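My notebook is open and the viewer is running. I'll jot down what I look up as I go.

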Amino acid sequence: MASPVRMSAPACDRRADPVFSSVALSAEAIPFTPRSTDGPRLDSLSDAEKQFSRCAAKLRALRASSGQLREELNQLFDQLLSENYNRTFEPDINIRPQDVCLLLKHVSSLVPLSQEHLMVKFCQLVHHLLNQLKVIMDEQTLEVLMNYTSSALKECSLWTHPDVLLALSTVVYGNGPQCHQLVNDLLGEDGLLLQYSSPSQPNVELRRVALIFMANTCLRIPGQPPLDDQYRSVCFRVFLKTLQSTKPSDTDDLFYCMVIQAALKGLQCCLSGGKWKFGGGEDLGSALAALKRLMFQGAPGLSVEWPSVLYPALLPQYEGISAEKPAEPQKSLETQKDADATGKASGKKKRKPKGKGKKTKADESREDDREEKDEAVPVWQRGGGDGLRDNGETTLKSSSSFLYPSWKFNSSDSEFSDVEGNAQSKLRLFHGRVRQGALHCMLAVVKVVERRTLYGYWSSFIPDSHTGGPPPLTLLTIILKDSSPKVRLCALQVLSAILDGSRNFLAAAEDTAPPRTSYTPFSFTLATAIRELHRALSLALLAETSPQTLTQVIKCLAFLVSNAPYHRLRPGLLSQLWKQIRSYVRHRDVTVRVSVLTLYGALVTTQAPLPEVQLLLQQPEDSGGASGSCTPQDSALSWRKRNGVASPARVPAASPHSPYVPRTPTEGSGSPPWLLKLCVSLVTQPREDQPDAEGTAGGAALEPPPVRLAALQVLAHLVRGYFPLTQSSLCEVGQVSAHCLQETDPSIQLHGSKLLVEFGTGIILQYRAESSSPESSRVPINQVVQLWSDVLSGPLNGALQNDKDPALQASACDTLASVLPQAFVQLPEKTQLMCITVLLGLTYVENHLVKTSAVRALGVYILFPCLREDVMFVADTANIILAALDDRSMNVRTKAAWALANLSDTLIINMQNVGVAFQEELSDLLLLKMLQAATRASTDKDKVKSNAVRVLGNLLHFLRHSQMSRSVFQRPLEDAIRALIRTVLSEATMKVRWNACYALGNAFRNPALPLESAPWSHDAFSALSHVVTSCENLKVRIKSAAALAVPAQRGCYGDTKRFCCIWRSLATSLKNSENINDFLGYRYSTSLRHTLAEALLHLLSLSEALDMVELGAFLAGEEGRGIIEHLVKYLKEEGEGDDEAGGDRVHPQQRIVGLQRTLIRLKELKAGGRAEEEGKQVVLQFLEDLLKICEEC
């Protein structure tokens, strides 16, 4: 054994007998440790710590040669085992892990394996101390204890193995990968654990402990490697086989539940290692079938033939009722009537006292205890849940029709006494834990299985709307009917995990079309499933009493709202939910209030702007009435009002922000949305004395920070999705943001800044040229100027200068970027200068978040009309962006490339508007640096590359002939063109490639570019001709065809061979444009054909006599007849694809006029020989036929 580690022993009680005097001196003796003189610390120790210190000191003093060793060990073990070290009950216990490890290592040398009773007691002590104190062992202790317990398994009797395995399972907890040899011995072929964990093992306790050991071995601690897949698969098979096995007839129900719990915990540990690695669909279906059966473990009266395997199916898979218990029609009917009456009466009795005053904390604790013990109640009939009405729209079925008749019980069963220690009560408690464990496993399965695989089992756990017959047993059954709030909470978590990320799956749902009678489409099945989810969760929302479970119900609704396609469903679902959750904003529990605001955020975010939500937001405040928005808990859980009367200290009518001021529809029709005023009040208005309120110095208490943050997030979502409804509250929202920016809480400041960003973005979208908003409906420019003047005069400055909070500083930069350009020019000059100076300075900050936002904001400002013509600002911004392009951070380089692309767009705009004066004023050296930097950036990641090629195209368009002719520009110019050619032909993302094609076309617009003589000209046209015929992405082909149609002179296309090669590429692409394999790209097919036809006619308009031979031969053949139909469509129809190609919309008559001019010009061409003349005649005949067909159409 390794020598013990030196460490100080715990302090001992001075009144205790000395323990070191009788120890014989020897080389093996524990080194002497002086007794602590820290008297005050000893007095402050808890009883458990004092007991541990006394016993540990005595145990460390014992030696193998000590007299009466066995008796002393027995006595000390009993004393240590009798103490409770659980920090849940004794949070002040502070026993060092080193002391525990040292003690266990020493005692293991004192207990020989031959004394089995003493060895068992030591194993119990190992489990007791390591488990309750949550000790993380060092490697030496792990090795000592592992060797000791594994030797005990080999040498000791079978009756000791349960305790030995329990101790060993505690030792290997989270250390499975480090115990490779032990795991191999126990889990290998014919391993001991495989025998002990087998369903045929008669010793149930031994079987349970073996499963616990396997679960602890599979457990993965964060930061450590998982157990080998080989052993994980072995454990998975054992756990699954255990879950599938039936209870032996001679096994007690409680012990069987404990075995199942151990197997469930083990299965959960197996699944925590990453993706599903345990076989194909058969194994997954078997695991899901076992878990679904155990989700209903202990359900009273349930008699169902559970399938052994669940198979993926599109339609719901219902379980069949067992035929072993025939029903008794008359008795069953009477029982149902009595049960219905009893259920309704009991529901009324339960709801009635909820309207009274608040419950005291003692009452709440008693109620929580009662809910925890409700697992002993034999009926899954959670009161009035089935007797309630769903906001006047859906009448709920009684429990007798919602669940199987065999779930009902007579009165003698319901009068069962709930005494602690009662066997039936304890059994139901264990059944509840089994259900909870099965749901935890199901949650793990949802997380590790791929979505497309998981959704094949959708109908097994989420039903569609049932019409007659017994309803299926699903997660909704547990949510509505399970008596344990913890089990209901777990079921809601599983449902939330399934719904999270299900948008693509649910996108197929639709029920707006008339119903079909011949068959039920899958889209309609999904739609009815969504409606059933709404119905069930609305019931759970009304009936739930546990705040934690109620919070999860609302969160689950938020997941549903975020993923369901309501624009494809009949209206009404969201209106009902909107009214139902309105009163929960006044719930006394903070987490409930936060979850309600999260749900409101989901409602105003999903498919915004949604017409149904827009109507809800426009309704007056008192719409829906009390009956539509009140819940059974409303009056009891309200913190805004007491007994329906507002506090005299605060009169709601005096506050313009209060969401509870009644208004008539006429008065409320033009007012801001109720939700906006509610959120404003939650953020800014003080609350009355509440235990969860946030105090303010010298003033009234505000809402707790989580509520205020959630309200700010809802405001931001509301402004983003429904800006026209919120723009009337411009000043109010601005004041809220300014108020938040002046607070000390960084989170409040951050969300206040984000709210300003959303409002500024909404205003910018209104003022865009392509906006459909009429000028009369826009926010007046004077109000926008006033808003930014107020914000920039003080509240935002502190956030911009707060270098201790990079996230806030970055958000403040985003706020500056959201200023309307038309308003920026009207701001005071010093304010404009402050914005520019701050942004320029923040680009030098080391933090990448701040630098990214500052560079992005400069990229926005460079497009402002009042700044883009300022050469000094353009130059300063360019130099800063060029420096940012070399930053180590990928995000900074991405935004820098985007900003440089905007700056290059500004150069083109100034070239067109200002003229040569701006070009001459800009430094040649700066342009050269930009060209070289963009060329280097074109080899970076695709996010940088896509904007770098934009820059190259604009710069090649901007450069003058005098600059291109300089020797210093010759090599960078060729490198830039070569970079674009490589990008066009590369395997980069399609966005990068179509940007490169567009950039080449942009460069071709520069008449100073030497396309006729440059050595790279042939490569550029060849690259574009190649992708226009071979690229699978239609947008790349569109951009390349548009680029080939840019040169305005025939000489730019080179000799006849190159010209005709370009023609053939365009014609071949047009002929094959109908062969579209990509369904997603089909919408671009019309645009592609229009662009190709336009390019072909452009080439014809520039063709010379030398080109007639090749053109005539092409048009006279099959190829010519293959493109004439597409050319006719282009000439006669509107240019659907002109915008995508980057051109201007041209009226069909103008196209025909252009073709007539081409025909006249070609007739005037003088052919140089007979072949040219014949080719010319073929081309002329082709054009005349084309015009004739157009006239006849």
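**Entry 1: a helix and what covers it**

I looked up what covers the buried residues of α37, and the list includes α35 (730-741), α36 (746-767), α38 (795-800), α39 (806-817), α40 (821-824) and α41 (829-842). Contact means heavy atoms within 4.5 Å. Buried means under 20% relative accessible area, exposed is over 50%, and partly exposed is in between (1.4 Å probe, protein chains only).

Ground rules: this is a predicted model, where local features need pLDDT of at least 70 and side-chain atom pairs count only at pLDDT 80 or more, while totals for chains, interfaces and linings use all residues. Residues are numbered from 1 along each chain as its sequence is written, and side-chain values use heavy atoms, with hydrogens and water left out.

Which residues of α37 are buried? I found Val784, Val785, Leu787, Trp788, Val791 and Leu792.

**Entry 2: two helices crossing**

Next I checked α2 (residues 47-61) against α4 (residues 97-108): their axes come within 10 Å and cross at roughly 35°. Axes here are lines fitted to C-alpha atoms, for helices over the stretch in contact, with angles from 0 to 180 degrees between N-to-C directions. On the α2 side, the contact is made by Phe52, Ala56, Leu59 and Arg60. On the α4 side I noted Asp99, Val100, Leu102, Leu103, His106 and Val107.

**Entry 3: a histidine inside**

Is His534 buried or exposed? His534 is buried, with a relative accessible area of 3%. I located His534 in helix α24 (residues 522-543). Leaving out residues up to four places away in sequence, His534 touches Leu560, Tyr566, Leu573 and Leu577.

In the loop between α27 (590-605) and α28 (611-618) I found Pro609. A cis peptide bond joins Ala608 and Pro609, with omega about -5°. Gln607 is in the loop between α27 and α28 too, and its phi is near 45°, a positive value in a residue other than glycine. Gln607 counts as partly exposed at 26% relative accessibility.

Lys134 has a positive phi of about 50° although it is not a glycine. I placed Lys134 in the loop between α5 (116-133) and α6 (139-155). Lys134 is exposed, with a relative accessible area of 58%.

Key. Helix = DSSP H or I, 4+ residues; strand = E, 2+ residues; numbered from the N terminus.
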